[in-house]
Structure formats: structure tokens, C-alpha cells
Amino acid sequence: MSSITDISVLIVGGGPVGLTAAHAFTQLGIDFTLLERRDTIAEDVGASIVLWPHGMRIMAQLGLLDQLRSIGTDLLSGAYQGKSGKIFLQTSSPQLCKTNHGIYPQLFARADLISTLYNTLTASAQSKIHTSKTVTCISPLSPSGGGVKVLCSDNTSHTGTFILGADGIHSLVRKTILSLSPSPPTPPLKTRYSLLWFSLPRPSHPLLSTIPPTSAFEVHTKNLSLQLLANDKSNAQFCFIYRLLPPDRYKSSQRFTQSDIEAIISHPDVAALPIGESGLTVRDVWPLKAKHGITPLEEGVLSPEWHFKNQMVVVGDAAHKATPTAGQGLNMGLLDVVSLANQLSELVDSANSNKEVVLGGLEDAFKRYRAERIDSVQGDCKRSGMATRLACWRDWRFRLFDRLVMPIPGVDVLLVNKVNSPTMARCLVFKGIKVDREPFEGRVGWEEKMPLWKKGAHGDKRKNSADEST
Ligand SMILES: Cc1cc2nc3c(=O)[nH]c(=O)nc-3n(C[C@H](O)[C@H](O)[C@H](O)COP(=O)(O)OP(=O)(O)OC[C@H]3O[C@@H](n4cnc5c(N)ncnc54)[C@H](O)[C@@H]3O)c2cc1C
């Protein structure tokens, strides 16, 4: 693999996808600078994140498995409840993940995941990450293409070969691509649901300790659903309340106030939602919350392109947004990083370190990246939207399916085996990162195998990277 020092990617956004790109570029010998608007990378914000076997496999290929296992919790079981708390389905999904792919879904506190992604970067990679840098303006270095410049709110400027927009749902990079694109602008993201979340310290109520930290609960009811997930490593439970918005609030730019939050929580239907099988309700536990937040749930895929010329390209939530019921958003972003990194390292290798050749091939590499990802992303967004509508009983058909069809023995297993597992098994791997062995194996084989070291061939490389790591 060649390494070219005069190509440098300007990553905008140090969320989980931007940090994963930093790991990948470090290992592939691609230089980068990462600009993040927050004051610290490892800010203690956000709720929880589930990584599914395919997401964990990507992390394992980046050498992060042990560190992530030390902060993650195996999700061993999942139950669907009615609004009275009665369980109508014990889902086989977590167990089938283990059987089919060799690992249970892993639950992380988002803050722990982000700080681990940062802390496991080498010292030299960390030195390329700059916080308190809000990118405010993007411009090409020359009109003919080749190089970009960004301005930050602290009046500094930074240049790079191209911009990788990992700047989330309100992405400036995406807005810039759309404003420059000659094609008709994409339809706005659709917003039909809001999500109010809060975390509960486990010891805050004796009855909360009765909920096993390895279990997930979902309450399904009309226009409303609740998910409860627990992470024993961070000793916290995370509660997510999905709610259908009134039509006059179908816009993604909306902001919610604290009084909106209080109004939602005190609505009798919300207040009475059960918290697992603890016998507690939202009304009981809301005063015990440690952190909380609310967000509109945008849905959609950037169209028609994810790039502009050879100057900028987007990954993660900046390119596509799914509702979080099925826990796919970050997993999708990780696959974007794999796909784009593969395209870049292939281009760099074939250009034999010639910068002009790389610049000439970048736009095609960006197109190939989107072409490789688009079907999978559209499928994931669609299934995620369906999962939210099923949990919130969008209409009588969803309700019938949820309460009458899903509990039929075998239906849940069939859906996992015929839809979810084959989708996960198609996951991409970094072609340029070798590992000792496949980290997880199950009944369903991975379509693409990881490149393996020949026995004894990697001793020196391991030693060098260990010397450099913090
Ligand atoms: C409540 C909730 C639960 C979820 N649960 C799951 C789950 O279980 N599993 C899953 O896979 N997904 C889940 N998701 C989705 C997941 O959180 C996102 O898909 C993921 O965070 C996207 O990562 P990202 O790095 O692309 O964007 P973000 O996480 O949004 O990060 C973007 C980063 O860019 C920075 N930034 C933005 N603009 C600028 C700028 N102009 N200049 C500099 N920096 C900038 C931001 O500060 C931020 O750090 C959940 C989402 C929510 C809301």
C-alpha cells in the first residue's frame, strides 16, 4: 500500500463517523485534518448507541474490539410490550445475532463510544484533530478544482485536498454540495416523529435494578412508542419516547423548548408508559433522570449526488438519516467510511503517489462510493422507518401486523433470518487492513471476507503501531 503525504483529507465533524474515518485513514496511510465544533471530542452528551454485528466487525477490523467490549453491554434479550406493560413478544433478534453472526448486539453509552474512538487513536492522529472549530464557509482553492479551503468561526482557515463531510444531520458540507449542484435540489428530509430521550442512573430507584442490564424493552401503542435499554458498564438506563408529530410540526429545522418537553411528559398517555417490567411508569422515573434531550427524527437520503466535483463528499448522517428505532444510523455511517476508504486507497495505490492522478480520479471514486452504498442505505432507511411506524402503529394495518402477525411463532425468526441477517452478512470490509482472523463467525457466512495476515508476517507492523499508540 502506498502512502501519499501530499494528499490530505479535511474531515469536518468529529462525531462517531468522523472519528472512525480518522482511524481508517491512519491505518491506510492517508493524511487528514479533522475539525470539530465542540470544545472537547469526548463531551458527555447523547444517549445510547447499539452496534450490530456488522458494525462491530468494522470496529474489530480497526483493532478496537477489546476496548469496545470493555465499555459495551451484550444485549441478550428484547421484549415488546403493550401500554399496560404486558409482553406480547419476546423477540429472538439478539439471540439470532449471536447464532447467525457470532456476537450479540452491543449497547454503548454514546459518550463512552466517542471517547473510546478518540482515545484509541495514535498520538499523531490525535494531533490532527482540532476542537472548537466550527466550519462556516467552504470554497475551492482554484476554480479548476484541486484543493479546498474552509473558514472557521474563530477566523482560522484550513486547506485540504478535499472535504469529507461527517458533520451530521445539519451538515454544512451537504448544504454546500446542494447549493453548488447543477441538478435540481433534493426534496427536503421528511420529519414525522420526534424522539424524547432521557437517561436514568440505575441505582436511582430500587425497582430500576430489577430490570436486567442486558435486556431491551419496547412499548408499542398508537402514535407513540417507548424503548428502554440498559448499559451495565455505564450503570445507566436509556429511555426513548417516539411520538407522531402534529402535521404543523412536520419540519426538520424545528426546535423544541423545555415546555414542549414537559408537555409531552405530562401527557397522560406518555406518563403512563411502563418502564420495562419494573412496575414503574414514565411519570415515576422522569424526576430521576440524569440527562435528557429531544430531537425531530428526519428521514431521507441525499439525492442525486453525495459529492461535488473532486472537492467534497459526505458520509454518515450528512448523507442519509434513518429513524433510530432499529438502531441503524451509525452502523450505516461506518459502512460509508469503509466504502469510501476502499475507493480512496485503491485510487492512491493505482496513482502510485502522483497527486495529479489522484486529483483526476477523485470524482469517479466518489461516484463509485455512492453507487456501492445507495441500495443498502435506501433499504436501511426504509426498514428503519417501517420499524418506527410499526412500533407507533401508524395505522390499523401496522397495528394488526404488530399485535397479531408478529407474535405468531416463527414470524420474528423468519424476518431476522430472511431480511436482517442477509443484510448484515453483505457488509463491506476494509480491503487494505489485514487482521489475524475473522473476529466473529456464525451460522450465516460473511459475503466478503477480511484480508488476513499470513502467519508471522505482521510482527513488525504491530510493534510499530503499538509504539506510536497513546
Ligand atoms: C437518540 C438516538 C439514538 C440513536 N441510536 C442509534 C443506535 O442505537 N444505533 C445506530 O447505529 N445509530 C443510532 N442513532 C443514530 C446515530 O446517532 C447517528 O447515525 C450517528 O451519530 C451519526 O454519526 P455522524 O458522525 O455522521 O454525525 P453526528 O453524530 O451528528 O456527528 C457530527 C459531528 O459534526 C460536528 N459538526 C457539525 N457541524 C459542524 C461544523 N460546521 N464544523 C465542525 N464540526 C461540525 C458535530 O458537532 C458533531 O460532533 C441514534 C440517534 C439518536 C438521535
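This tour moves through the structure selection by selection and states what is found at each stop.

**Before starting**

The model is predicted: local features need pLDDT of at least 70, side-chain atom pairs count only at pLDDT 80 or more, and totals for chains, interfaces and linings use all residues. Residues are numbered from 1 along each chain as its sequence is written. Helices (H or I, at least four residues) and strands (E, at least two) are DSSP runs, numbered from the N terminus.

**Stop 1: the annotated domain**

Select residues 7-177 and 309-349, where UniProt, in an unreviewed entry, places the feature "domain: FAD-binding". UniProt positions follow the numbering used here, feature names are shortened, and annotations may be inferred rather than shown by experiment. Keep residues 309-349 selected: this span is 51% helix and 12% strand, and its end C-alpha atoms lie 21 Å apart.

**Stop 2: the surroundings of the ligand**

Display the ligand with the 36 residues around it, of which Gly13, Gly15, Gly168, Gly316 and Gly329 come nearest. A residue is near a molecule if its C-beta atom, placed from the backbone, lies within 6 Å of it. The elements α1 (16-28), β3 (48-51), β13 (190-201) and α11 each supply at least two residues of this shell. Which of the elements gives the most to the shell? That element is α11, with 4 residues. By class, the shell has 17 nonpolar, 13 polar and 6 charged residues; Ala, Val, Leu, Ile, Met, Phe, Trp, Tyr, Cys and Pro count as nonpolar, Asp, Glu, Lys and Arg as charged, and the others, Gly among them, as polar.

**Stop 3: α1 and α5**

Two packed helices are described by the angle between their axes and the distance between the axes. Select α1 together with helix α5 (residues 110-119): the axes are 9 Å apart, at an angle of about 20°. Axes are lines fitted to C-alpha atoms, for helices over the stretch in contact, and angles run from 0 to 180 degrees between N-to-C directions. The two helices α1 and α5 are therefore roughly parallel; angles under 35 degrees count as roughly parallel, over 145 as roughly antiparallel, 65 to 115 as roughly perpendicular and the rest as oblique. Pro16, Leu19 and Thr20 of α1 make the contact with Leu113, Ile114, Leu117 and Tyr118 of α5, contact meaning that C-beta atoms, placed from the backbone, lie within 7 Å. This contact has 6 nonpolar, 1 polar and no charged residues.

**Stop 4: α11 and its partners**

His54, Gly55 and Ile58 in α2 meet Leu330, Asn331, Leu334 and Val338 in α11. By class, 4 residues of this contact are nonpolar, 3 are polar and none is charged.

The residues of the contact of α11 with α12 divide into 13 nonpolar, 4 polar and 5 charged.

**Stop 5: two loops**

Select the loop between β17 (292-301) and β18 (307-308), where proline 304 is found. The peptide bond from serine 303 to proline 304 is cis, with omega near 5°. Finally, select serine 132 in the loop between β8 (129-130) and β9 (135-140). Serine 132 has a positive phi of about 55°, although it is not a glycine.

Methods
Contact = placed C-beta atoms within 7 Å.
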